[in-house]
Amino acid sequence: MKDRIAVGLIGFGTVGSGVAKVLTTNAGVIRQRLGVPLALVKVADLDLTTDRGITLPPGILTANAREVINNPAIDIVIELIGGYDPAKRFLLEAMAQGKHVVTANKALLAVHGEELFEAATRAGVDIGFEASVCGGVPVLRALTEGLAANRLLSLYGIVNGTSNYILTKMTEAGRPFDEVLKEAQKAGYAEADPTFDVQGIDAAHKLAILMNLAFGTPVNFKDVYVEGITSIAPLDIAYATEFGYTIKLLAIAKLHEGEKSGRAPAELEARVHPTMIASDSPIARVGGAYNAIQVTGDAVGDIMLYGKGAGSFPTASAVVSDVIDIARNILKGTVRRVPPCAFQPDQRRPLRIRPIAEISSLYYLRFMVLDRPGVLSQLSGVLGKHDISISSVLQRGRKEGQTVPVVLTTHMAVERNVQAALREIAALPFVSAPTTLIRIEGEDR
Ligand code: NDP
Ligand code: HSE
C-alpha cells in the first residue's frame with residue numbers, strides 16, 4: 001500500500017494557487033478522509049515570479065511542464081493552464097505515461113472531450129473534471145453518482161458566474177455592464193478571454209459537458225444554441241421586473257422522448273441564452289458569482305444544486321475532490337470504478353439536438369415603433385398570422401410621432417414562427433429599430 005499519493009500541478013494561476021493552498025491548509029482533513037497524505041511534489045507555471053500567496057518548498061516550482069508530466073514519482077497530474085494547446089497535449093502525454101489526470105478546462109472538454117475520454121480508456125487511467133462545471137458545486141458527481149438511479153429528463157440553470165455577477169449588479173444596482181465586468185475579472189471569476197463569459201460560450205461549454213453526463217450522449221458545444229448577455233439593455237431589465245420576471249443567462253437542456261409508439265428516437269434541446277424567469281423562483285434569486293442548477297429525474301423529481309461557481313477556492317475544492325477520488329481508487333488498486341461520462345462507454349449514443357427553430361417557448365418582444373394609431377393592431381396582426389398569441393402588452397405614455405417601446409409577451413409559440421413574424425415586422429414602415437427577443441421559461445399564464 002502506498003504511503004502517499006504524489007500530485008503534480010501545471011498552472012499556478014487563480015485556480016492552481018487555490019489548489020496548492022487547499023492541499024496545504026486542509027492536509028489534515030484530507031488525510032483523515034483518504035488515509036494517506038496528498039503530496040504536491042511539482043508545480044509548473046511559465047511565470048515564476050508572481051506572488052501566489054503561498055510559499056512552496058524549494059525545488060517544487062518549475063517553468064517546465066514536462067518536469068511534471070515526465071516525473072515518474074507523480075501519480076496524478078492536474079492541468080490548470082486553460083486553453084486548447086498545449087493543455088490537450090499535456091493531458092494526452094500524461095495519460096499515455098499512465099498518469100491519472102484532473103482538469104478544470106471546460107473549453108477543452110467541450111470541444112475535444114471525446115478524444116480525451118478515449119485516451120483515458122486506452123491508457124486505463126482516470127480523468128476527473130468536476131471543476132469544469134459550476135466551480136465548487138459538485139454537480140458532475142451528482143449526475144454521475146447521486147442520480148445514477150434516474151432517467152434524467154431536464155436540467156437548467158446558471159452556470160456562468162461572471163455573467164450572473166454582471167446581470168445581478170445591473171438589475172439590483174443599475175450599474176453599467178463594462179464597469180461590473182472589470183470587477184468580475186479582478187475577482188478571478190472571468191475567463192482569460194472574458195468574451196467567453198459574456199457571449200455565453202463558457203456556459204455552452206459547460207452545458208455540453210452536463211448533457212454528456214446526464215443523457216449519455218456525446219455533445220459538441222457547437223451544437224448548443226448560444227446567445228450572450230451583451231445586448232441586454234437596462235430597459236429590458238426594467239420591463240422584466242414589471243412583468244414579474246428576472247433576466248438570467250440560463251443553460252437549458254431538455255429530453256424529448258420519442259413518439260409514444262417508442263419508435264422515434266429521443267431528441268434534446270440544448271440552448272444558452274438570456275432568459276426571463278419568475279422573480280420568485282429559486283433560480284431567479286441566485287445572485288452574484290453563484291451558480292445553481294435544477295435537475296429533474298424520473299425517480300427523484302426536481303433537485304437543485306447551488307453554490308459558488310467560480311473563484312480560486314471554490315474551484316480548488318472541486319479539483320481536489322477529484323484528486324481524492326482518484327487517490328482512493330489508486331489505494332484500492334482499482335481504476336475507473338465510475339465511468340468518466342457517467343454511462344459505460346459502449347452505452348453512450350448520439351441523440352439529435354433540435355435546432356433552435358424547432359423549440360417552443362414563451363417570448364418577450366420589445367418593438368421600437370413610431371407612436372401612431374394602428375401600430376399595435378398591425379403588430380398583433382402579423383403575430384396572429386404566424387400563429388403567435390399575445391399574453392400581455394405594455395406601452396407606457398404617449399409620444400405621438402416619436403419612437404416608443406411597445407412591449408409584449410406571448411403564449412407558447414414555435415421559434416420558427418416567431419422569427420418569421422419578426423422578419424416581416426422589421427420591414428414595416430413604423431418600425432425604427434431591431435426588435436428585442438428574450439425567451440421566457442415557466443408556466444404559460
Ligand atoms: P489563470 O490564467 O489564472 O492561470 C493559468 C496559469 O497557467 C497562468 O499562471 C499561466 O501563466 C499558466 N500557464 C499557461 N501556459 C502554461 C504552460 N504552458 N506551462 C505552465 N504554465 C502555464 O487561469 P485560471 O486559474 O483562472 O483557470 C485555469 C483553468 O481553470 C481554465 O481552464 C479555466 O477555464 C478553469 N476554471 C477557472 C475558474 C475560475 O474561477 N477562475 C473556475 C472553473 C474553471 P501565464 O499567466 O504566465 O500565461
Ligand atoms: N469564467 C467562469 C465563470 C469560471 O464565470 O463561471 C467558472 O467556470
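How far is an oxygen atom of ligand 1 from a polar backbone atom of Val15? I found 2.8 Å, a polar contact in the sense of a pair of N or O atoms within 3.5 Å.

Basis. I note that this is a predicted model, in which local features need pLDDT of at least 70, side-chain atom pairs count only at pLDDT 80 or more, and totals for chains, interfaces and linings use all residues. Residues are numbered from 1 along each chain as its sequence is written, chains are lettered from A and ligands numbered from 1 in the order written, and side-chain values use heavy atoms, with hydrogens and water left out.

Ligand 1. For Gly188, I recorded 3.1 Å between a polar backbone atom and a nitrogen atom of ligand 1. The protein buries 78% of the 890 Å² that ligand 1 exposes when taken alone (Shrake-Rupley method, 1.4 Å probe). I counted 24 residues around ligand 1, each with a heavy atom within 4 Å. Among the nearest are Asp45 and Gly311.

Ligand 2. I listed 13 surrounding residues, with Lys106, Gly161, Thr162, Tyr189 and Glu191 closest. A backbone N or O atom of Tyr189 lies 2.6 Å from a nitrogen atom of ligand 2. Taken alone, ligand 2 exposes 250 Å², of which the protein buries 94%.

How values were computed. Polar contact = N/O pair within 3.5 Å; in protein donor to acceptor, adjacent residues only side chain to side chain.
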